[in-house]
There are 2 protein chains.
Amino acid sequence: MIKVSVFYASGDGKHFDIGYYCDKHMPMVQRLCGAALKSMAVEQGLSGMAAGSAAPFMAMGHLYFESLNAFQASFGLHVKEIVSDVPNYTNIQPVIQISQVKI
Amino acid sequence: MIKVSVFYASGDGKHFDIGYYCDKHMPMVQRLCGAALKSMAVEQGLSGMAAGSAAPFMAMGHLYFESLNAFQASFGLHVKEIVSDVPNYTNIQPVIQISQVKI
């Protein structure tokens, strides 16, 4: 299984609409990817390790696929539509990582 | 539910023993935290969005707790023992984020 993580880093002047992301953007990604998208997850940053410290990321979104091929054959076909929705919920340039799920 | 994510950033001269992390470190964290730790996850970085690009993080570990209080009352009591194990698998200074699970 692979995990595609999208990180939205905190910073001055940055904003992120978590409601739009959860209610509109991620369901759109689910619809476009179809059954190839095995599951997804969203988190909103609360803090760093110490209570009250700044969270490195305002939000993170995660998409799980069986393989890189399954990712590229689904998400890969809809990148333009997915990316064009980003300005509707944030002004943060996301950082993306593809990982192998170990546990 | 909250998620405690531990990020191990890639970089020159950095190393990370994913076998030790999965087979020794994370089971130790599970044992120390007990039932307060609802689940955990580990990923190993493969790439960025583009095939062949560098992964921002060599590895990530995630711990799920019902609440901040549950985290502090379990993990919080064992921080010293957990942190003292880090040099056994990596020379990377981890970055930690506590997040609210939204999806």
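**Interface area.** I started with the area between the two chains of this predicted model. Chain A and chain B bury about 2,900 Å² between them, and 66% of that is on carbon and sulfur atoms. Buried area here is the accessible area (1.4 Å probe) that two parts lose on being put together, summed over both. On the chain A side, I noted that Met49(A), Gln97(A) and Ile103(A) lose the most area to chain B, together 24% of what that side buries.

**Ground rules.** I kept in mind that local features need pLDDT of at least 70, side-chain atom pairs count only at pLDDT 80 or more, and totals for chains, interfaces and linings use all residues. Side-chain values use heavy atoms, with hydrogens and water left out, residues are numbered from 1 along each chain as its sequence is written, and chains are lettered from A and ligands numbered from 1 in the order in which they are written.

**Who touches whom.** Next I looked up the contact residues, contact being heavy atoms within 4.5 Å. I got 33 residues from chain A and 33 residues from chain B.

**Polar contacts and the make-up of side A.** I found 14 residue pairs in polar contact between chain A and chain B, both residues at pLDDT 80 or more. A polar contact is a pair of N or O atoms within 3.5 Å; within protein, one must be able to donate a hydrogen and the other to accept it, and residues adjacent in sequence count only if both atoms are side-chain atoms. For the side of chain A that touches chain B, β1 (2-9), α1 (18-33), β2 (37-47), β3 (57-65) and β4 (95-101) each supply at least two residues. The largest share, eight residues, comes from β2(A). I took helices (H or I, at least four residues) and strands (E, at least two) as DSSP runs, numbered from the N terminus. By type, that side divides into 21 nonpolar, nine polar and three charged residues. In this scheme Ala, Val, Leu, Ile, Met, Phe, Trp, Tyr, Cys and Pro count as nonpolar, Asp, Glu, Lys and Arg as charged, and the others, Gly among them, as polar.

**Salt bridges.** The structure holds two over all chains, and the rule finds two across the interface of chain A and chain B. One of them is Lys3(A) with Glu43(B), with the closest N and O atoms 2.9 Å apart. Lys3(A) lies in strand β1 of chain A and Glu43(B) in strand β2 of chain B, so the pair joins two chains.

**Strand pairing.** I counted two strands as paired if DSSP finds at least two bridges between them. Within chain B, β2(B) and β3(B) are antiparallel over seven bridges.

**Symmetry.** Last, I superposed the copies by least squares on the C-alpha atoms of residues with pLDDT of at least 70 in both. Chain A can be laid on chain B with an RMSD of 0.0 Å by a turn of 180° and a shift of 0.0 Å along the axis. The two copies are thus related as by a two-fold rotation axis. Phe7(A) comes closest to that axis of the residues of chain A, at 5.8 Å (C-alpha). The same surface serves both copies, as 100% of the contact residues of chain A recur in chain B.

Technical notes. Salt bridge = Lys/Arg side-chain N within 4 Å of Asp/Glu carboxyl O.
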